[in-house]
Amino acid sequence: MSQTPPGCGPGPGRPQVTGGAVSIEADLGDMRSVAWRLDRSGDTARDLGRQVMHVDGIPLRSSFLSPFTAGAVNLQMQALAYGPRGLHSLGIRIELVARGVRLGAGAYEAVERRRSAAFEALQLSVGVPVVLTVVSGTAVTSVVQSVTERPASWFTPQGFPRDRDPVADVVARFLRGLDATVYANPGIVDLAVAGGRWMLPPGPLEQQAGQLLVLLRAGGLARDDRPLTVTSVPLPQAGQAARSVGAAADPPAVGVATDAPGDLSGLLQTQSAIAAPSAAGAAGSRVRVQRVVGGDGQARWVVNIPGTQDWSLGSPTNPSDGPTNLAAVGGVAPRLYAAIAQAVAAAMRSAGVRPGSEPVLLSGHSQGGLVATRLAADPAFRRRFRVTSVLTAGSPVSRVDVPKDVRVLSLEHRSDLVPRLDQKADPDTVNRVRVVLDPSPLPGCAPESVIGVHDSDRYARSAAQQLARGSVRDPQLVQWYLDNDGFLRGRTTTYDFLIRRPPERP
């Protein structure tokens, strides 16, 4: 959890909102829509030209009485239909403009793809030298500062201060300096990841993550071969006994009446609650499923998925671990996905709801957001549940291709390194909105750290400060609250589940 003192929350920075209705995809969609309308207008103009030629001319008897007038009228009708400035020509010109607009949209799209690929190649080529320069420069600076600020007695064994270790002092300065440098320049992380990828076989990041996972499993690490158990557990303040929900015949999950999330800050506070050591700890991963019945009588579900809770490369009992993280990056479905689906289905059975009949919002912090986005894109999960929205906080989800009917809101702190680990800008599409929050502390408060700004509680505080319902001014955030109000306010029943990997047998 963040150690920032009370009252030293985020400063008055404004969130930066991209994607959605102001995305490149929206602009390209507008261009293609204009091209379609132009095509229709061109067709209409040519149809009018043909109709003109079917209009009866001046009667024959009148033509004898005024042949010059009759001839002039016929010539004008032909010119209106097929002349250089006629309706048929106008239709052709309009359709040529439509084709140009359509080709322009396609060319712009191709340029964006090439630019993205070139930028990724550039990162791979400069990542190692830049990161080595930053690290070595920080190390040299730390040594120089330590030497110049300590007494000369450091250089004689007899004069070493008993309460001070010179090596520890240098290491502490180095870590503080590196933290400050990366916090101010988070793009260094992009280069560091690119440098690490340079040491792996070439290929997309997903492929490299999958190859690394295969290597780890070949060495007996990162195993995911033991079925997970899903257990209904009481909320942290309740005292009911845990119940297995492994099959439909098992006892139903226990629902508890709780407050609805209310707004984005409430959703993120739930993430902090289920990630706290008191909620699960090393025993397993706590997933919270909430059924919210809004004022319109419509019921909706919010599924809260925690972030990484165990970074070991073995097979810990908590499946929200490092290997699951690596599998999610590589697009390899870990057993955690099926276990979460099992928990959601158990909650719905307990509420007497048929899975798939009510909308679902998936919410997660860090790895939890990545898992939520993968589930929203997983065909098997989507066939079973009606996912309409995803909320992520501090999650590297840019490489996940989400269906167009799922709306994604991704929150990131400006100096949070984790969302950058997938080395790709968030897709600039209509159904995905990215919000970059300013985590700068108030004047007079302790500076933030790259670790602190990733904390789930820190995201909740930033959301309370910058994304509170009624205070947001960006049209896309206002629209998000309108579209998702039913997930946030109403009568709420909460179900908690503990997902656990059984210990290995000796």
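Me: Before we start, what pLDDT do local features need here?
Reply: Happy to set the ground rules: residues are numbered from 1 along each chain as its sequence is written, and side-chain values use heavy atoms, with hydrogens and water left out. As this is a predicted model, totals for chains, interfaces and linings use all residues, side-chain atom pairs count only at pLDDT 80 or more, and local features need pLDDT of at least 70.

Me: How many helices and strands does the chain have?
Reply: Both are DSSP runs numbered from the N terminus, with helices being H or I over at least four residues and strands being E over at least two. On that basis, the chain has 14 helices and 11 strands.

Me: What percentage of the chain's residues count as buried?
Reply: Buried means under 20% relative accessible area, exposed means over 50%, and partly exposed lies in between, using a 1.4 Å probe and protein chains only. Of the 506 residues in the chain, the buried share is 45%.

Me: Which residues touch the most other members of the largest nonpolar core?
Reply: A nonpolar core is a set of buried Ala, Val, Leu, Ile, Met, Phe, Trp, Tyr and Cys residues joined through side-chain atoms within 4.5 Å. In soluble globular proteins, nonpolar side chains tend to be buried together. The largest core here has 39 residues, and those touching the most other members are Val-303, Ile-340 and Leu-362.

Me: How are α10 and α11 oriented to one another, roughly parallel or roughly perpendicular?
Reply: Axes are lines fitted to C-alpha atoms, for helices over the stretch in contact, and angles run from 0 to 180 degrees between N-to-C directions. Under 35 degrees counts as roughly parallel, over 145 as roughly antiparallel, 65 to 115 as roughly perpendicular and the rest as oblique. The two axes come within 11 Å and cross at roughly 75 degrees. Therefore α10 is, relative to α11, roughly perpendicular.

Me: Which residues of α11 meet α10?
Reply: Contact means heavy atoms within 4.5 Å. α11 is mostly covered, with 10 of its 11 residues buried. The α10 side of the meeting is Leu-336, Tyr-337 and Ile-340, and the α11 side is Gln-367, Val-371, Arg-374 and Leu-375.

Me: Which residue caps the N-terminal end of α8?
Reply: α8 covers residues 264-275 and reaches 17 Å from its first C-alpha to its last, close to the 16 Å expected at 1.5 Å a residue; that expected span is 1.5 Å times one less than the number of residues. The helix is mostly covered, with 9 of its 12 residues buried. At its N-terminal end, a side-chain oxygen lies 3.2 Å from the backbone nitrogen of Ser-265, and the capping residue is Asp-263.

Me: How far is the backbone nitrogen of His-365 from a polar side-chain atom of Gln-271?
Reply: Gln-271 sits in helix α8 and is buried, with a relative accessible area of 1%. Ser-456, in helix α13, is in contact with both Gln-271 and His-365. The distance from the His-365 nitrogen to the Gln-271 side chain is 3.4 Å.

Me: Which side chain makes a polar contact with the side chain of Asp-496?
Reply: A polar contact is a pair of N or O atoms within 3.5 Å; within protein, one must be able to donate a hydrogen and the other to accept it, and residues adjacent in sequence count only if both atoms are side-chain atoms. Asp-496 is in strand β11 and counts as buried at 1% relative accessibility. Its C-alpha is separated by 5.9 Å from that of Val-287, 209 residues apart along the chain. The side-chain partner of Asp-496, at 2.7 Å, is Arg-288.

Key
Lists of a residue's contacts leave out its neighbours within four places in sequence.
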